[in-house]
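Hello,

Here is the structure I promised to pass on to you. Have a look at it first, and then read my notes below.

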Amino acid sequence: MTATPTVPPVHHHEEDTSRGTAISTWLKGQYALYILLALLIVATITRGSIFWGRTNLTNLLLQMSIIGVVVLAQLIVVLTGGIDISVGSALGLAAVVAAGLFGGPSVLLGLVVALGIGGLIGAVNGWLVAFRGLEPFIVTLGMLALARGLVYAYGNGIPINPEAADSYASFGQSTLLGIPVLALIWLAMAGLIAFLLYRTVWGRRVYAIGSNVEAARSSGIPVKATLWSVYILAGLLVGLGGWLFLARFASGTSTAGNLLELEAIAAVVIGGARLSGGYGKVFGAVVGTIIFAVIANLLSLLNVSTFLQDAFRGALILVAVTLATVQIVRKRKTNPTQPATA
Amino acid sequence: MTATPTVPPVHHHEEDTSRGTAISTWLKGQYALYILLALLIVATITRGSIFWGRTNLTNLLLQMSIIGVVVLAQLIVVLTGGIDISVGSALGLAAVVAAGLFGGPSVLLGLVVALGIGGLIGAVNGWLVAFRGLEPFIVTLGMLALARGLVYAYGNGIPINPEAADSYASFGQSTLLGIPVLALIWLAMAGLIAFLLYRTVWGRRVYAIGSNVEAARSSGIPVKATLWSVYILAGLLVGLGGWLFLARFASGTSTAGNLLELEAIAAVVIGGARLSGGYGKVFGAVVGTIIFAVIANLLSLLNVSTFLQDAFRGALILVAVTLATVQIVRKRKTNPTQPATA
Amino acid sequence: MAFTAVGVKKHYPGVKALDGVDLEGYAGSVLGICGANGAGKSTFAKLLAGVETLTDGEITISGFPHPVRNAAEAERAGVLMMHQEPLIIDDFTVGENVWLYKLREGRDIRPWARKVDTNSAETREVLQGVGLGHLSTRQLARGLGPGQRQMLSLSRAAVTKHKIMILDETTASTSEEHFNDILRLVEREKNEGTSIIFVSHRLNEVFAMCDRIAVLRNGTLVKVLDAAETDPDEVTALMIGQALKALARPDPVHAAPDQVPALSVRDLHGGSANGVSFDVNPGEIVGLYGLVGSGRSSVARTITGQRPAAGGSIKLHGREVSLPNPTAAVAMGIAYLTEDRRLEGFVKDFDNGENMSLVALPTMAKAGVVDAKREKTRIRELISEYQVKGGTKTYTRNLSGGNQQKVVVAKWLETDPEFVVLDEPTKGIDVGARSNIYQIIHGVAARGKGILVVSSEAEELLSLCHRILVMRNGEIVAEFDPEHATTDDLVRTALTHEG
Amino acid sequence: GQIYPSERPAEGPANGVRSDVSDVVIGFAQQQLQAPYFAAMQVRAEQIARDQGFQLLFQSANKDPAIQLNQMQAMMAQGADVLVVNATSVKGQTEMMTQVASEIPVVYIDTSVPETGMTSVQSDNLTIGRESGKISAQRLLDMGKTSIKVAILTGPATDEFVGPARRQGFLDGLEEGGLPYEIVAEQSGDYAQDKGQVAAENMLAANPDVDLIFGLNDSMALGAYAVVNGKAQYENVYVAASADGQKEALALIQRDGCEGRYLSTGLNSPSLAAEEALAIAVDVATGKTEPSDYPEESFTLAVGIGCENIEEYYDPNSVF
Ligand SMILES: Nc1ncnc2c1ncn2[C@@H]1O[C@H](COP(=O)(O)OP(=O)(O)OP(=O)(O)O)[C@@H](O)[C@H]1O
Ligand SMILES: Nc1ncnc2c1ncn2[C@@H]1O[C@H](COP(=O)(O)OP(=O)(O)OP(=O)(O)O)[C@@H](O)[C@H]1O
Ligand SMILES: [Mg+2]
Ligand SMILES: [Mg+2]
């Protein structure tokens, strides 16, 4: 995988004590933020009044919250150097079973079931990766197919509407101080993951494993247990995502979470995380989530021909990442000991 | 305190000259082969006469040849530590444009066009990865969307039938010594890639870059140029795949190559390649291709319900890789410096 | 008694790294372990630290109820190990690397346990203690050189409780100055009753530090000596089975008055190099000495295209060259043996053969197709020429540190370069093989090539070179003729502060 | 608070009645574009919008209800007056569509969500399938078969409504036509020609004695046709589709007449459906009619197409 260009310059000796310098150094690394900024400017110029309208902003927040939680799950897995392509199916299974088990009589029971399903899937993935030493890609690919297959089998492809569909629906569109509750849940999760990653021993272990698993093991870090816990936590987040899905759509459709994995990985990567592990930030992942949601929203608002939407989205991604690294590439020129690909 | 005064016996590494040992060492590493063997046994028990029938074997070979070429493309990219998730869309675009350009008057012109499109896409991907230092995942994700979008835009979603549809169809069904020509093309490509990887300076460089890009760079290997050539070659192979698609289906459908990327990566990984680069074999990739084709064929022959197919496929993958590594994990126990996740 | 090893065996597929070693260590005493490359020193250290699992035998540590089985248990038993390839997490800051062992099992297992402050005054003090006071605790470890990495991992000694400390070639790429830091640290540890194991190929250091010396050979223990009652010659003899011949100095070069230098550098800037000028004549071996961080590697990297020059000119045989990248340099016949074996030295997934032919491969190929037979024959020759302990098909990553170094040296000299830069060429190589490498270097010089050797070991330069340049703060401050200079001269010149 | 305070369906256009057609904005939320049928619907809808001068917002959801909701919301944010929706899920969008329909009138096309929206213009998949099945039965009876073995190419597992209806319809048609059948294999071809071809290959390899292989749309049946066409071992295998009337299929029926192996298909005209649905939408937006004027559902023309009536329906210049 290519080295993430946001890795700070190699040699600097002085302590950056002044706050100004710290902020400017930080700003230099945030190329995801510039992409977002550019997108927002485009949005403002082309569809300003609609884009910034209350309705649209509310929609945007709702659209981000489910994938947002999944992106967080993907992030912690990617930090360990793994990848989880089963997130979409797992979300689907969590949603469908939470909607269908015992008839889906209550929103709270649904939450418990969804977390249970998600956690279980995460635990299986994690066990195979951590204790069996299997490639995360192939494990989660198997799980991708298995979970999606179970979704189909559970409802024979027909959506499952929980008994408590009304409660789900009204919960899903409730707001607090004008902000959708689902979005608040997402942001709370982002805060929680940030706390775990940056403030706890567990978080440091996750980064250490992703950066250099052999050094981590030789240092006595419990690599397997940590890896397992990462996948379980990711599974729980995905389960939560499934529950949020129910809240938003009030129905467990068999396509729930379809292809979410690609978008989640993309958001994590555009947010600056390194797929080979050890580097990545929650803030970046959140920005990455917003970027993809804004792109989709904007293409809709601009009423770009459906035939061309994919092409536009692709071109946008390519142009954005290329432009954002122009400056970084220039920086690298003066510092070529940095690998072109690492 | 004990000191052994006797001069210790000199021990030195013997070269494994005996052929027997070499083969048994090789066999130990081929867990993909065991998965395939197990599958074949299952196939023989459940549907032996049909599975091994001439018709079905011909079908199987045909079903493998398109994805087979794409798997080879994926393999060389994965060997450098990259990933190419645009292969499916690129194949689709190559097929559609080859079918539509100038009305698709000839099979040979179609080949040239398909190779041109594939090579161009590969060149763009490779340029961004090699010279701009971008993450292959995000680059090829952008290309995935862009190429698919162009497919839709090119034919407004409606299949494009080349003027030479009949010649394509009859070429696609032709056999040589009873073996479908498409399959022969695939195998010839496998041979070519094997030759390039194992016998040439270029091949050695590919492995070096994938395994340790800094050492490669520092040893004077032209990292960027080599990376670029890898993506271009991969693009050409994918373009060839698009042409094979036309030969087989005689129509450039807008879904051509959809989701091929996941299967290609999976085949490469189950064939023993390491996603972080530097390790992987053509033989493994070919076996991986066969494994997935046999799974799909078998599920069809057993007439497994559509609702259950995905679940079966997923469970099969999980069980296969888990079982196959039981022995490997045991070996690793004695050698715990091996990374759990590579 | 701090630890007892009884009948310790460690077998890898095809290799008996250790084959029944009995060894004891005492509290407050330093045990040196000597042996040729691949004798099993690092293996013993790793077994003691629980990083590898025993094939057979038992290691008990006093005060710990049962034999140790893994790294976590060894840590609880009080073992602290400095690995030959230091355990540094590149994506962590310097401060976080100091406190890395706080992430171990047994302590702070609760997931919500808060991490320690890694930028505290204590952290800075600890870094000061190992001569890294100038580093920021917040900078990433990624950019550190090999010497700095060693010292950084050593800093953990000050923040970890331990009863046994293992130093595996911690001094291999550090200069005399840092050895004094280490010596001080070891004295302190000894007084606190730590049992210390010191592995090094520099016998003078071993004798300066150790109370007892264990000699390993091919995985078995030859003898344990009392340091006070033995001398380097006896140890060498036990190690490699013969006494070492004194090294011959290279034949002096007689430069013709109008001779064009093989390499001519003027006012070079780049990295921490700051206006460096010097010439190297054909057939001449020039040494570059300085303390860690004096800018030697920056010079070496700049003149070999590993990093672009920020200013100045480089002439190869009188012709000005531009070296934007290593590919260009290699094409011009300039070789750079890296000091960072781990990062740039060899390809992890290549066997010895593939690593040794990596650079020279195009010369073994026709139209890009490798002549497999020719490659194989040549590799076989190289393995024996460089005394690599391992086969052509052995993965280089599975070799002992010193043997890896031999592979890397062979890789570069095999290209028959016009100009060679060797950065710490004998790092981790045992005394026997070392003289072999010196002879090979002399051979290259005798063929009229220019050679620049960077080393932290003054003694090495004095016996190997025709001329020695000393660097300080990115500039060349003095030139010595090894005939008339001593180690002391070099060290003093390198240390002197301006003013 | 709540984002959609009411559950009652909107009683008039979202932004009030427009006096002129050129001020009207209509959102068209298509379920997918992966099959030519849906793509053709878009082409026709855009034509109509150009002809009549209203603004058309067209989006396609890749068969995903979640994406579809996002797109409908974006259309509303852009000031759409009426939505034309081809639902992605019959059962799974009830609450979602209740919420949406409380703010804007919804006209369903092709696939509807019962009890929501104002009306739906549907193709009667059951009847279409039945008509095609009857024609196939007749052809096979004429060949002297008294009972047949059938293999079916179905849609993906997510196909909850349209596919099953077409399948049932076709089988009913065989029965009504007086031809007993036995289903020997049934595999998904994802409504795509290439996937259909592969599935047909496998089913035929396992059951070479199949008499008829039918697909739930023409694309898949065309894939099956490519398998049997020109292969001696399959010379007694015939192909049919329950629906769509795709141009390439009609061309085959036209070419080979009543000797051909592509027996029948059903008419499911994307153009007809688009025309009807958009007409309703424009009428409501301009105040010509009220949402409450419409019945819950209306069906487009359903006929089977075989060798005898092919002339009426084959147009080599149509998009679809
Ligand atoms: N992971 C491994 N797999 C196979 N063989 C190994 C492995 N690690 C070490 N060896 C072998 O074990 C032997 C002893 O290695 P060790 O690293 O202990 O030597 P050493 O005495 O430390 O040498 P040096 O002075 O070069 O560091 C060597 O022959 C080496 O090739
Ligand atoms: N561009 C630069 N600007 C400032 N400092 C730099 C630059 N490049 C390298 N350095 C630092 O300068 C110091 C000396 O680097 P160099 O590697 O050239 O010296 P050295 O004498 O070989 O030291 P070592 O023994 O650590 O390799 C190192 O700490 C390095 O991090
Ligand atoms: Mg060692
Ligand atoms: Mg140096």
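**A kinked helix, and what surrounds it**

Helix H3 of chain A has a kink of about 35°, centred on A:Ser65; the bend at a residue is the angle between axes fitted to the seven residues ending there and the seven starting there. Before going further, please note that this is a predicted model, in which local features need pLDDT of at least 70 and side-chain atom pairs count only at pLDDT 80 or more, while totals for chains, interfaces and linings use all residues. Residues are numbered from 1 along each chain as its sequence is written, chains are lettered from A and ligands numbered from 1 in the order in which they are written, and side-chain values use heavy atoms, with hydrogens and water left out.

Helices here are DSSP runs (H or I, at least four residues), numbered from the N terminus. With 26 residues (54-79) at 1.5 Å a residue, H3 of chain A should span 38 Å, and its end C-alpha atoms are 35 Å apart, which agrees; the expected span is 1.5 Å times one less than the number of residues. Of those 26 residues, 22 are buried, where buried means under 20% relative accessible area, exposed over 50%, and partly exposed in between (1.4 Å probe, protein chains only).

A:Gln63 sits in this helix and is buried, with a relative accessible area of 12%. Beyond its neighbours within four places in sequence, A:Gln63 is in contact (heavy atoms within 4.5 Å) with A:Arg248, A:Asn297, D:Asn70 and D:Gln73. Just after the helix, A:Gly81 takes a positive phi of about 90°.

**Two loop residues**

Most residues other than glycine have a negative phi. A:Ala250 is not a glycine, yet has a positive phi of about 55°. A:Ala250 is in the loop between helices H11 (223-249) and H12 (260-270) of chain A, and counts as buried at 2% relative accessibility. In chain B, the loop between H11 (223-249) and H12 (260-270) holds B:Leu259, whose phi is also positive, near 65°. B:Leu259 is partly exposed, with a relative accessible area of 44%.

**How the chains fit together**

Five pairs of chains touch, and chains A and B have the most contacts among them. Chain A can be laid on chain B with an RMSD of 0.2 Å by a turn of 180° and a shift of 0.1 Å along the axis, which is the relation of a two-fold axis. The copies are superposed by least squares on the C-alpha atoms of residues with pLDDT of at least 70 in both. Within chain A, A:Ser276 comes closest to the rotation axis, at 3.6 Å (C-alpha). The copies meet through the same surface, because 91% of the interface residues of chain A are also interface residues in chain B. Chains C and D do not touch, and their nearest C-alpha atoms are 35 Å apart.

**The nonpolar cores**

A nonpolar core is a set of buried Ala, Val, Leu, Ile, Met, Phe, Trp, Tyr and Cys residues joined through side-chain atoms within 4.5 Å. The largest has 314 residues, and A:Leu197 and D:Leu83 touch the most other members. A second, separate core of 46 residues includes D:Leu179, D:Ala199, D:Ala224 and D:Ile305.

Best wishes
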